[in-house]
Amino acid sequence: MTLRKILAGTAVAVSLALPAAAEELSFANFTPPFHTVNASVIEKLNADLSAATGGELTVRGYHGGELGAGPVEQYVRAVQGVADITWGLPGYTSSQFGKTMIVELPGTLNNEDAGYAALWAAYGDNLAAEFPGTVPLALWTSEPNILIMKDHVVRQPSDMAGLKVRVAGATAAEVATALGATPVQMPINQVYNALQTGLIDGVITGSSTLSDFKLDEVANSYTFGANLGRLAFYAVMGQAKYDGLSDAQKAAIDAAKGVALSQSAEEAWNATSDAAVAAARATGDNTFVDLTEAEAAAFAAVIAPVTGAYVASVGGEATLAAMQGN
């Protein structure tokens, strides 16, 4: 037997003895590593996949926009393979997610309802077409939106007249307009400076942003109790990346994605919100408006036409019914 054959046979034997090559999935995160998404989605996904595959499939977060600045481009980064997995907000590219964004509308859900359950209930028959080129791993919503204001106290809809209010997407923009405010659409990571400099007067968003984006440092008035909708989020994996995985790795992904990962994210958002509100109340230098049922109803009456008109505009009646469990 020649030395070449001996070496070739040895190489084959060694290769058969080695475990399958480990695969590390890149997860693009446009926020800092202390943001709620890291522990509740990125680290959880890493732990679940690692446990299921004996460490052969893991996830690494790339934080603070390391794989590309700006949250608006998150979805396309997954499609193009800039990152294997990304997370983002449908509201930043509202035209793509016409029916998905129904979950954000006031009145679609009550403030106590689970948004992730509504999204997955509607996904198969109504929303799947809005996620081309990707495999959705998690779909969830924020805690209910509140009004986060600087130097303006809002107790009734008329208090919003003429104010410049940041919104995340088209649905929230319609809500702001119905309340008499001027909607200003911008990514959440620009809101701190915009509030601080007076470019905007306030924000319609969830209270988790008080800590996740430090908005408590620049805002000083908060209004709770009105049904102002909520924000929707996704975490998606590029379809091409998923298709290139082994059968065992795909099975691990399939087991980790879906309702459980989405619930982890949403519950973390709610927990962050609760802690942030408690901290803001404890400072003693903020104004908190907790609307009565009658006061909240005044907001609902002004906003109600927005939801019906939007649902009709996207042909979303079946989607709304699925989200509401009908």
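Modeller: Before we start, a word on burial: buried means under 20% relative accessible area, exposed means over 50%, and partly exposed is in between, with a 1.4 Å probe and protein chains only. This is a predicted model, where local features need pLDDT of at least 70, side-chain atom pairs count only at pLDDT 80 or more, and totals for chains, interfaces and linings use all residues. Residues are numbered from 1 along each chain as its sequence is written, and side-chain values use heavy atoms, with hydrogens and water left out.

Biologist: Fine. Why is Lys44 called partly exposed?

Modeller: Its relative accessibility is 25%. That lies between 20% and 50%, so Lys44 is partly exposed.

Biologist: And what makes Asp48 and Lys44 a salt bridge?

Modeller: The term asks for a side-chain nitrogen of Lys or Arg within 4 Å of a carboxyl oxygen of Asp or Glu. Here the N to O distance is 3.1 Å, so the pair qualifies. In general, side chains of opposite charge can pair when their charged atoms come close.

Biologist: Where do Asp48 and Lys44 sit?

Modeller: Both are in helix α2 (residues 36–53), four residues apart, about one turn of the helix. Helices here are DSSP runs of H or I with at least four residues, strands are runs of E with at least two, and numbering goes from the N terminus.

Biologist: How do you know that Arg77 is buried?

Modeller: Arg77 comes out at 8% relative accessibility, under 20%, so buried is the word. Its salt-bridge partner is Glu73, with the closest N and O atoms 3.7 Å apart. Glu73 has 37%, so that residue counts as partly exposed.

Biologist: Why does Asp201 with Lys164 count as a salt bridge?

Modeller: Their closest N and O atoms are 3.9 Å apart, which is within 4 Å, so the pair counts. This one links distant parts of the chain: Asp201 is in the loop between α6 (191–197) and β8 (202–206), Lys164 is in strand β6 (residues 164–167), and they are 37 residues apart.

Biologist: Is Asp201 buried or exposed?

Modeller: Buried, because 14% is under 20%. Lys164, at 32%, is partly exposed.

Biologist: How many salt bridges are there in the whole structure?

Modeller: A search finds five.

Biologist: Last one: what makes Pro90 buried?

Modeller: A relative accessible area of 1%, which is under 20%. Pro90 is in the loop between β3 (85–88) and α4 (115–127). Leaving out residues up to four places away in sequence, Pro90 has contacts (heavy atoms within 4.5 Å) that include Phe97, Met101 and Tyr234.
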